[in-house]
Amino acid sequence: MSHRRKDKKRAYVIAGAGVAALATAAVLLPYASAGEDSQPGPQLRTAKAAALMGSKLADENGDRTAGWFLDGKSKNRLVMNVLDQETAERVEQSGATARIVQNSKAELKKVSDTLAGGASVAGTAWSVDPRTNKVSVLADRTVDAEGWSSLNKTAAGMDGMMSVKRSSGEFKPFHGDQSGGGGMDDDGAGMGDDDGSGAGDGAGDGAGDGAGDAAAGGAGDGAGDDGSGAGDGQAAEGVLGGDAIFAAGSRCSLGFNVEVDGAPAFLTAGHCGNAAEQWTSDEAGAEALGTVADSQFPESDFAILNYDDAQAQPVSAVNLDPLGQGQGGTQEITGAAEAAVGMQVQRSGSTTGVTDGEVTGLDATVNYGGGDIVNGLIQTNVCAEPGDSGGAMFSEDKAVGLTSGGSGDCTQGGETFFQPVTDALEATGAEIPAAGGGQAEQQ
């Protein structure tokens with residue numbers, strides 16, 4: 001069953017007043033000339049503040065910039081790629097570190113457009129990497145010698161603006177079946193763990209049971225343990241980010257609880273929403289949870305489901321113990337934030353629990369094969385496995401992404417791609433509710 005309801009998209013106005021003031025106010029250290037990447041530029045209080053400043057400087061300086069990132073060696077130091085010394089000086093006067101690079105945004109976009117126009121092959125993913133100032137292409141293990149040769153031939157004609165590397169796994173959406181083994185295709189048919197990610201088999205069984213218990217109220221027990229927001233009684237109102245959701249023999253993970261015109265809803269992956277319309281919080285299908293209102297896959301990868309209980313008051317939080325192992329608690333979610341390369345993030349899902357890492361690319365495209373090509377994704381080195389699809393990626397108390405797919409597993413590692421939450425909110429008109437009532441801050 002496939003849902004591609006584009007007529008339900010509504011414009012969502014993101015409050016942007018005071019962005020410049022917020023970014024400037026976040027600077028802790030005074031201006032320092034840091035034209036070289038090795039020099040210690042200014043630091044910002046949070047990755048969110050750095051992302052705000054990066055967007056502001058990119059807008060102000062237009063085509064004289066070529067992306068930006070957070071320097072992991074100096075927490076939250078914003079590095080802005082620029083094309084000339086004049087722009088570098090202007091950027092540094094605003095409180096960021098400038099780095100003069102060779103390739104412009106327009107040139108790198110042409111490379112991405114060439115790949116999107118037919119130069120890519122199934123089993124590839126690409127994104128602009130601001131750290132290398134190139135378009136980085138990953139080819140998974142399904143790309144044969146002919147495809148590999150074609151990619152390298154394309155790269156050779158790009159004058160050093162494109163790099164090609166191998167990924168040891170296989171790019172696929174991270175949905176799973178209820179037994180925890182493997183995934184399923186768009187029509188719900190099962191498929192085996194031929195990518196070696198069978199680690200999900202054992203973990204999946206426990207994940208389903210533990211997350212199902214949490215949905216029935218177990219999550220509430222730990223919800224207030226760390227003082228991060230959700231109270232014991234409130235968590236039983238519904239599943240939290242990272243908890244398992246079930247439908248038609250498949251298992252995915254809930255992303256974030258939201259509201260649409262004041263009514264309770266939640267976000268998950270679009271390829272999960274395409275698999276079935278009715279979802280439950282338990283494997284047996286006895287606890288009705290939500291009904292798909294809009295599902296977008298491929299091209300994008302998000303779905304929004306209305307809670308079947310219109311009176312439900314789900315908590316805006318992520319479960320830090322979705323496997324029900326008696327560890328962790330919850331992380332309150334107070335709003336959404338744009339991702340930034342170098343941003344430290346965590347992911348919660350019903351197969352592998354909570355894992356962490358950093359954002360490595362933005363506006364990524366993944367060709368999962370079979371015509372399923374998804375654009376505008378966040379690329380990370382955070383591991384995930386089948387069943388984690390739709391699960392929450394977050395940075396501190398901000399929602400950042402919904403788990404889409406990738407390669408590898410949480411034993412050997414790999415690459416994972418996420419649908420930006422801000423795009424899903426904008427497309428659906430949804431809002432992340434504030435913990436104390438009212439509208440949460442969206443960036």
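Phe 171 counts as buried, because its relative accessibility is 1% (buried means under 20% relative accessible area, exposed over 50%, partly exposed in between, with a 1.4 Å probe and protein chains only). The model is predicted: local features need pLDDT of at least 70, side-chain atom pairs count only at pLDDT 80 or more, and totals for chains, interfaces and linings use all residues. Residues are numbered from 1 along each chain as its sequence is written, and side-chain values use heavy atoms, with hydrogens and water left out.

Two aromatic pairs are found in the whole structure. Rings of Phe, Tyr and Trp (its six-membered ring) pair if their centres lie within 6.5 Å; planes under 30 degrees apart count as stacked, over 60 as edge-to-face and the rest as tilted. Phe 171 and Phe 417 are edge-to-face, because their ring planes stand at 80°, with centres 5.8 Å apart. Phe 417 is buried, with a relative accessible area of 0%.

Phe 266 and Tyr 307 form an edge-to-face pair, 5.3 Å centre to centre and with 65° between the planes. Phe 266 counts as buried at 0% relative accessibility. Tyr 307 counts as buried at 8%.

Ala 139 also counts as buried, at 0% relative accessibility. Beyond its neighbours within four places in sequence, Ala 139 is in contact with residues including Trp 148, Leu 151 and Lys 165 (contact means heavy atoms within 4.5 Å). The C-alpha atoms of Ala 139 and Ser 168 are separated by 8.6 Å, and the two residues lie 29 residues apart along the chain.
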